[in-house]
Amino acid sequence: MSQTKIKIFCPATIANISCGFDVLGVALDSVGDEMVVRKTSEKGIRITKLKGQDLPMETLKNVAGVAGLALLEESDYQGGFEIEIYKNIKAGSGIGSSAASSTGAVWAMNELLGKPFTTIDLVKFAMEGERLASGVAHADNVAPALFGGFTLVRSYEPLDVIPIPSPEELYATVIHPQIEVKTSDSRKILKTNITLKDGIKQWGNVGGLVAGLYTKDYDLIGRSLEDHIVEPIRSILIPEFDKVKSEAIASGALGCGISGSGPSIFALSRGEKIARKVADSMKDVYKNVGIDYEIHVSKINPSGIKILD
């Protein structure tokens, strides 16, 4: 008898990773959503439960529903699915809340259908959920959630995603000041043109970061975590950003930047001990100004979405 129900963990993700706006992302191991997906004889997709966040349950207004429908349209399956979503990632946090729901839905559906679709297919379907959430079908969160580890979106047309290995000692620290920055809003303030000089700096850093990840050169990774294009504009929306960044670097972080569209701030460190020291330094900044926060210290998740017992 074929499987009709699956329970999964859908990881949080850091997108952009400073220099790689809309093309680089990484999956986290210690924070994410859980979902339960069931096959039904009734056509279409129904969101039957949504706990943890106040988000719409109507299929066409929910990113999991929209991504799932994109898969169903390409599938021969004549039935449908019911989806339960348990949100541990806050919407608007900058660590891939919409991507977790979008990828979880399509990954689970694909498993229950016997894996007719490739991982790249699933990225395309999940991007439709991102289109609903932010107005842009970007892949820098959904790709690492599906592939695991770091991913590079080399091209959007045609879609070409390159999984990148992660050094074993690399840890991420993410602090989320308790304000919401909507991705759609934080995109509106970005410039649509950049100078050639800034572009050259940014391309160099993307190449350096990828090279550093492949060669496990932590110093190169740190030198490459620079953003000359997006961070100077978006950081204005994040309270105490410059202070958090300088304290993280002073505490031993390889580099620090905005996670996705913010307001979360991430740092990458070599080893858990330094990552936790960085976390303490970040917490102190927000404690001193009275801003509530959530903080996560996580290994890099090498495999992405996981089945739960």
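How many aromatic pairs does a search of the whole structure find? The search finds two, and both are described below. The structure is a predicted model, in which local features need pLDDT of at least 70 and side-chain atom pairs count only at pLDDT 80 or more, whereas totals for chains, interfaces and linings use all residues. Residues are numbered from 1 along each chain as its sequence is written, and side-chain values use heavy atoms, with hydrogens and water left out.

The overall form may be considered before the details. The protein contains 10 helices and 11 strands; these are DSSP runs, numbered from the N terminus, with helices (H or I) of at least four residues and strands (E) of at least two. Along the principal axes, the C-alpha atoms fill a box of roughly 55 × 40 × 35 Å. The radius of gyration is 19 Å, which agrees with the value near 19 Å for a compact globule of 309 residues. That radius is taken over C-alpha atoms, and the globule rule is 2.2 Å times the number of residues to the power 0.38.

Of the 309 residues, 55% count as buried. Buried means under 20% relative accessible area, exposed means over 50%, and partly exposed lies in between, with a 1.4 Å probe and protein chains only. Among contacts (heavy atoms within 4.5 Å) with a separation of 6 or more, 73% join residues 24 or more positions apart.

The aromatic pairs can now be examined. Rings of Phe, Tyr and Trp (its six-membered ring) pair if their centres lie within 6.5 Å; planes under 30 degrees apart count as stacked, over 60 as edge-to-face and the rest as tilted. The search finds two such pairs. Tyr 77 and Phe 81 have ring centres 5.3 Å apart and planes at 50°, so this pair is tilted. Tyr 77 is partly exposed, because its relative accessible area is 22%, whereas Phe 81 is buried, at 1%. In the other pair, the ring centres of Phe 117 and Phe 125 lie 5.0 Å apart and the planes stand at 85°, so the arrangement is edge-to-face. Both Phe 117 and Phe 125 are buried.

Beyond its neighbours within four places in sequence, Glu 84 is in contact with Glu 34, Met 35, Val 36, Arg 38, Thr 48 and Lys 49. Ile 307 lies 223 residues from Glu 84 along the chain, and their C-alpha atoms are separated by 15 Å.
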